[in-house]
Amino acid sequence: MNENQRLPAVDRVLQQIPELIAAHGRQLVTACVRAELAAAREGLKHGLPLPDEASLLTAIHRRADEAGRAKLRPVFNLTGTVLHTNLGRAQLAEEAIAAMVEAARSPCALEYDLDSGGRGDRDDLVSGLLAELVAGGSPDIAATIVNNNAAAVLLTLNALAQGKEAVVSRGELVEIGGAFRIPDVMRRAQVKLHEIGTTNRTHEKDYAEAIGPKTALLMKVHTSNYAVTGFTATVDEQKVAKIAHAANLPFVVDLGSGTLCDFAAYGLPPEPTPQQALAAGADIVTFSGDKLLGGPQAGLIVGRKDLIAKIKKNPLKRALRVGKTTLAALEATLRLYRDPDRLRERLPTLRLLTRPVDEIAALGERLLPTLQAALNKLAQVSVEACSSQIGSGALPVERLPSAALVCRPLARKPGKSLLALERAFRSLPRPVIGYIRDDAYHLDLRGLEAKDEAVFSAQLHNLKF
Ligand SMILES: *Cc1c(COP(=O)(O)O)cnc(C)c1O
């Protein structure tokens with residue numbers, strides 16, 4: 001008798017797993033059933049026994065659960081980089097999450113003026129709020145929001161300097177991880193880059209002498225992911241503003257990471273703010289929504305009302321604008337800045353950056369026995385001092401003292417064990433992302449808040465090597 005005959009028909013298997021079909025859809029589950037039956041048939045050909053029904057169903061469940069899982073999954077970011085671009089940068093405040101959900105669920109006044117009943121402008125949802133937060137509510141300050149800060153720079157340059165020149169110091173021609181390079185963005189914006197000074201030194205006269213009939217603006221870029229030290233000279237914003245204004249030109253500052261609060265007040269290394277840039281005379285500042293601001297991915301363009309109006313008229317604005325959920329999250333995040341006393345507790349980015357190292361170390365001590373038990377004889381676990389970084393370009397040379405669970409493989413050549421450890425943590429139901437350094441696998445616990453501690457430790461027994 002042909003062994004194939006004894007494998008169940010696809011339809012009969014499907015009848016037994018309605019809950020799996022409800023979870024993942026008939027199409028995907030049918031494909032999984034077919035694939036498992038084919039694998040069993042192949043096994044029979046090679047002399048393997050016919051799988052019993054229970055193990056066949058288990059295999060189908062495993063296959064469907066894996067194939068049907070969402071690709072964008074939550075993870076534990078224990079890399080020590082708080083604003084990790086590949087892990088989604090800022091975690092949103094609960095207030096921002098709630099606002100996004102509401103905006104997603106119902107019609108909302110995105111471009112509708114509820115006072116007049118007429119057409120509204122989506123930028124007005126946050127423009128006044130931004131003017132309040134960065135310029136004391138000055139009526140001369142407005143804002144427009146685009147997809148990210150790269151878009152903010154592109155749009156600003158194209159709107160204010162297309163076909164003309166922008167003056168930038170050679171020390172500030174930055175590349176942000178990925179594909180954002182100031183010279184390339186300039187070219188795409190159809191602006192001619194007029195480089196001045198040298199890599200390490202740029203002087204006032206370099207700016208002044210660069211200005212000619214083709215100059216459209218002067219620009220400074222915050223060197224957000226590196227530091228030039230040694231024999232250096234830069235011209236501060238106030239002085240560049242003066243030179244620009246004497247020539248009747250706008251002065252644009254790309255801040256990159258824009259925090260609206262005084263980092264020093266939270267014991268963090270100081271970071272330039274849009275408030276300072278505008279007070280120093282910048283006409284336009286651009287910064288990211290999902291870096292130190294702690295909000296959704298967005299690019300914020302804030303500054304002189306007449307220039308903002310010009311930027312908004314540019315056709316690229318329509319191509320780069322953001323949607324209602326982004327604006328909902330941004331408005332809710334910005335509103336939190338009205339109450340500095342509670343900001344630390346409500347804004348996850350600030351909360352994570354300011355966590356006391358003792359608290360992080362104590363968490364490590366609490367988790368150590370569970371992790372050591374899970375790793376058994378594979379690695380020795382200890383709690384050790386480490387240093388976190390802010391990430392996404394903010395404060396590149398500053399480090400925040402933190403504590404890590406450090407797993408040192410017991411094998412004489414640890415290379416393979418380290419990769420196995422990394423893979424095992426990555427394969428957990430909620431993947432854990434750490435880092436390898438000095439022949440040890442590190443989990444920087446700054447990224448693990450008390451509210452997630454139970455979920456983290458409960459899944460450790462699932463580690464498989
Ligand atoms: C991060 C950064 C950008 C790009 O911002 P995105 O929001 O990632 O598009 C541009 N300029 C500077 C100085 C930056 O730090």
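Four strands form an open sheet in the order β11-β12-β15-β14, and their pairing is antiparallel. Strands here are DSSP runs of E with at least two residues, helices are runs of H or I with at least four residues, and both are numbered from the N terminus; two strands pair if DSSP finds at least two bridges between them. This is a predicted model, in which local features need pLDDT of at least 70 and side-chain atom pairs count only at pLDDT 80 or more, while totals for chains, interfaces and linings use all residues. Residues are numbered from 1 along each chain as its sequence is written, and side-chain values use heavy atoms, with hydrogens and water left out.

At the edges of this sheet stand β11 (379-388) and β14 (435-437); each has a single partner strand, so one side of each is left without a neighbour in the sheet. From one strand to the next, the twist averages 35°. Strand β14 runs antiparallel to β15 (residues 440-444), joined to it by three bridges, and Tyr435 stands opposite His442 in β15. Helix α18 (residues 415-426) lies across β11, β12 (400-409), β14 and β15, at about 30° to β15. Such angles run from 0 to 180 degrees between the N-to-C directions of axes, which are lines fitted to C-alpha atoms, for helices over the stretch in contact; contact means heavy atoms within 4.5 Å.

A second open sheet contains seven strands, ordered β2-β10-β9-β8-β7-β3-β6, with mixed pairing. Its edges are β2 (141-146) and β6 (192-196), each with a single partner strand, so one side of each has no neighbour in the sheet. Strand β2 pairs with β10 (residues 299-304) in the antiparallel sense over six bridges, and Thr144 stands opposite Ile301 in β10. Helix α7 packs on this sheet, touching β2, β3 (165-169), β7 (215-221), β8, β9 (284-288) and β10, and its direction makes about 160° with that of β9.

The ligand is surrounded by 13 residues, the closest being Ala150, Ser224, Asp254, Ser288 and Lys291; a residue belongs to this shell if one of its heavy atoms lies within 4 Å of the molecule. A polar side-chain atom of Asp254 lies 2.7 Å from a nitrogen atom of the ligand, and one of Ser288 lies 2.7 Å from an oxygen atom of the ligand. These are polar contacts, that is, pairs of N or O atoms within 3.5 Å. The elements that give two or more residues to the shell are α7 (149-161) and β8 (251-257).

Key. A polar contact is a pair of N or O atoms within 3.5 Å; within protein, one must be able to donate a hydrogen and the other to accept it, and residues adjacent in sequence count only if both atoms are side-chain atoms.
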